[in-house]
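Here are some notes for a first reading of this structure. Please go through the points with the model open.

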Amino acid sequence: MTKKRIGILTGGGDVPGLNSVIKSVVYRGAEIGCEVIGIRRGWEGLTHVDLNDPASKARYILSLNRENTRTIDRTGGTFLHSSRTNPCKMKNLPNVLQGHKFEAKESTKKGVTSTVYDVTPAVMKNIETLRLDYLIAIGGDDTLSYAAELDRKGMKVIAVPKTMDNDVRNTEYCIGFATAITRAMDAIDRQRTTVGSHERIGIFRVFGRDAGYTALYIAYVTAVRCCIPEYKVDLKHLIDVLINDKRNNPSNYSLVILSEGAEWQGYMVKEYGEPDAFGHRKKMSVAEDLSDEIKRTTGEETVVSDLTYDLRSGSPDFIDRLVAFTFAGMAMDALEEDKSGLMTAINEGRYAMVSIPDPELGPRKVDIASMYNTERYRPRYDQKLGLPIFLTRP
């Protein structure tokens, strides 16, 4: 393999394991004579950078080597930082692009229409100026949707899936998922003592805007009820179940886990704030709303705990380190073989290289029939023989 220049970036929310991918790519690159260029702050690094301005270049471009990445895998977060920039749908042009002409189009999300610009030509120009032969993009379905766009434009891209929601299509596992489940399991086990001491109903909110994998798998390993976005529960039945759990518990408490996008019949999660670059607004807490309903209809006291950001913080567990290092090795194998347009993945429990998902398909969803008991609001524990370790297929 001739010497290549490889760009690498992380986009969207941080998760434990990102730094393991970055370090492994750099170390493998050094072994095979490749130069690795870190693109800082996700896709923003390729839209906002002024490569003629040393200060701007220093802000967004970082040459990576064994020395400056030697210890980064020991911590969580992303050494390269991140953003939620979508170069296809930019509402406001950065200073460096002011005065340039870009395709303008209207973008509608949940009834709100706005004018956005596709600055992909500027991204491609910066890639050319940086002399990048390949780009490794690490992210969830939003970040990888733009990786798919660059692949269509002819840029050689390898994608690495990460998200604690575990909802990227074409793979059973995304970096960050196991650590999030482990953190939630520990937090819930600790908080049982407080909820039980006060004989209340404990309500835990976790991430999961469109898919309920995080809530479902936390419930699976903690034996707790859960509500997920894929199924609208019956509020009265849910409250009755929680009250019955409480009465049948010697410590007189009960617990339920809610995805942030979970809803019940006749209810829709409220949103607030400006949409991000991918059209997502922040969601109000469905946990607080459920708490209000429980108090109003039963008089029972509740404890509400938001486990969202804490679950993506800190260093990765064994599984996320293992998968991160392996995904990095697979990405570099693909580059050595001059392959592109692919994503690292786990399929049927085995490592695989697959197509970058079609962004039009949206996130991967929980299969209700095989994974969720709609009467008991619990995961299904039966009929697992023959399934891969993470119990799903992409």
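1. A cavity here is a set of grid points where a 1.4 Å probe fits but cannot get out, and its lining residues are those with an atom within 4 Å of a point. The model is a predicted one. One cavity of 30 Å³ or more is present in the structure, and the volume of the largest cavity is about 40 Å³.

2. Which residues line the largest cavity? They are L216, Y217, Y220, M371, P379, R380, K384 and L391. By type, six of the lining residues are nonpolar and two are charged, with no polar ones. The element that gives the most to this lining is helix α8, residues 213-222, which supplies three residues.

3. Is α8 mostly covered or mostly uncovered? It is mostly covered, with eight of its 10 residues buried. The buried ones are Y213, T214, A215, L216, Y217, I218, A219 and T222. Of these, L216 and Y217 are named as buried and also belong to the cavity lining. Just after α8 comes A223, which has a positive phi of about 55°.

4. Next, the nonpolar cores. The largest of them has 84 residues, and I8, I136, I257 and L290 are those with the most contacts inside it. Helix α11 (residues 318-336) gives the most to this core, namely nine residues.

5. With neighbours within four places in sequence left aside, I136 is in contact with I6, G7, I8, L9, V25, I158, V160, A331, M332 and L335. One of these partners, I8, is itself listed with I136 among the residues with the most contacts inside the core.

6. Where is K162 found? K162 sits in the loop between β7 (157-161) and α7 (177-197). Why does K162 count as buried? Its relative accessibility is 5%, and buried means under 20%.

7. The surroundings of K162 can be listed as well. Apart from neighbours within four places in sequence, K162 is in contact with G11, G12, G13, V15, L18, I138, G139, G140, C174 and I175. K162 and G42 lie 120 residues apart in sequence, and their C-alpha atoms are 13 Å apart in space.

Definitions and conventions
Residues are numbered from 1 along each chain as its sequence is written. This is a predicted model: local features need pLDDT of at least 70, side-chain atom pairs count only at pLDDT 80 or more; totals for chains, interfaces and linings use all residues. Side-chain values use heavy atoms; hydrogens and water are left out. On a 1 Å grid over the protein atoms alone, a cavity is a set of points where a 1.4 Å probe fits but cannot get out, and a pocket is an open set with protein on both sides within 12 Å along at least five of seven lines; lining residues have an atom within 4 Å of a point. Grid points are joined across faces, edges and corners, and a volume is the space filled by probe spheres set on the points. Helices (H or I, at least four residues) and strands (E, at least two) are DSSP runs, numbered from the N terminus. Ala, Val, Leu, Ile, Met, Phe, Trp, Tyr, Cys and Pro count as nonpolar, Asp, Glu, Lys and Arg as charged, and the others, Gly among them, as polar. A nonpolar core is a set of buried Ala, Val, Leu, Ile, Met, Phe, Trp, Tyr and Cys residues joined through side-chain atoms within 4.5 Å. Buried means under 20% relative accessible area, exposed over 50%, partly exposed in between (1.4 Å probe, protein chains only). Contact means heavy atoms within 4.5 Å.
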